[in-house]
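Biologist: Could you walk me through this model? I would like to learn what holds it together.

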Amino acid sequence: MKTHIVNVSSGLASAEALERTIARVGIDHTIGVFADVKGNSTSEHAGEDADNYRFLDDTERYFGIPIIRIVEGRDIWQVMFDERAITLPVGKTRVAKCSIKLKREPIDQWIEAHYRPDECVQVTGLGWAEPHRIADFIKAKAPYETWHPLNESPYVDNCLIEQKWAARGIRAPRLYEQGFSHANCGGFCVKAGQAHFARLYFANRPRYIYHAEKEKRFRAEINPKATILRDRRGGKVTLMTLYEFAERLDRGEDYDRDDWGGCGCFAQEPQLRMDDLLLETDIKR
């Protein structure tokens, strides 16, 4: 039987994927891998939220399986400074190199160093509401075989998965309680929008300020025109720093509450209940 390698993100969906993989092929044929975007940083605001690491440990203990930690060494901002860009244009979209350099490439390199394509299956926590991301993943990983257990029955959402873990006496990562749909990167993402960063500011102001300071330094040392956010008031698009956005929030000014940005992990829609999403999603397709 092929070894099944589960990309564990420290969130709920990938924990469910790990559980279904163990149920299908057994512990002896299951490996969990976690790419730590914190690198070797000592800051509490770099990398994942502290409670994610707790949930990762709880997941290991519950299933009785070690999860391999893959650490590239740099953190998110170190990658952006090295690349001299916060995001890079690719076609009609912009790509976050931090995800590529700290997650995708390290995991791919680890798998390629240990397994040939005919020896393993790559497993993700991508679900039934993400057909476009699943298609992209399958194409990118060829000739390796892939499996996406949350794209199969029984169809669940994060609410149902969270209830399962609560019944076991294990809390889900606290970012879900704070209103985030996925618990990645501590609530920070360079592709997120105003609504997302307002959520981060009100939920964890010290972490927001940590990233605002990094952006300020990046503008001073690399590119004075580089900002994560855009201000679209009055029909005109202008640059807006995280510090400037924080000042607007402190003044009680309104912001674009629909602007969640292009971060797939923090899109607003997955926060809806599954029965609401079924109205717009053809799971059979």
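Modeller: Gladly, and one definition comes first: a salt bridge is a side-chain nitrogen of Lys or Arg within 4 Å of a carboxyl oxygen of Asp or Glu. The model is predicted, so local features need pLDDT of at least 70 and side-chain atom pairs pLDDT 80 or more, while totals for chains, interfaces and linings use all residues. Residues are numbered from 1 along each chain as its sequence is written, and side-chain values use heavy atoms, without hydrogens and water.

Biologist: How many salt bridges does a search of the whole structure find?

Modeller: That search covers the whole structure. Its total is 29 salt bridges.

Biologist: How many residues apart in sequence are the parts that E19 and K164 tie together?

Modeller: E19 and K164 form a salt bridge, with their closest N and O atoms 3.7 Å apart. E19 belongs to helix α1 (residues 12-25) and K164 to helix α6, so the pair links parts separated in sequence by 145 residues. Helices here are DSSP runs of H or I with at least four residues, strands are runs of E with at least two, and both are numbered from the N terminus. The separation you asked for is 145 residues.

Biologist: Is D49 buried or exposed?

Modeller: D49 pairs with R174 in a salt bridge whose closest N and O atoms are 2.7 Å apart. R174 lies in helix α7 and D49 in the loop between β2 (30-35) and α2 (50-63), so the pair ties together parts 125 residues apart in sequence. Buried means under 20% relative accessible area, exposed over 50%, and partly exposed in between (1.4 Å probe, protein chains only). R174, at 34%, is partly exposed, while D49, at 2%, is buried.

Biologist: Why is helix α8 largely enclosed by the rest of the structure, and how many of its residues are buried?

Modeller: The buried residues of α8 are Q194, A195, H196, F197, A198, L200 and Y201. What covers them includes α9, β8 (229-231), β9 (238-240) and α10 (242-250), where contact means heavy atoms within 4.5 Å. Helix α8 (residues 194-203) is largely enclosed because its buried residues number 7 of the 10.

Biologist: What is omega for the cis peptide bond that joins S153 and P154?

Modeller: Most peptide bonds are trans. P154 sits in the loop between β7 and α6 (158-167). Another cis bond joins A142 and P143, with omega about 10 degrees. For S153 and P154, omega is about 0 degrees.

Biologist: What is the relative accessible area of C185?

Modeller: C185 has a positive phi near 55 degrees and lies in the loop between α7 (174-177) and α8. R84 is not a glycine either and has a positive phi of about 60 degrees, but R84 is exposed at 52% relative accessibility. C185 is buried, and its relative accessible area is 15%.
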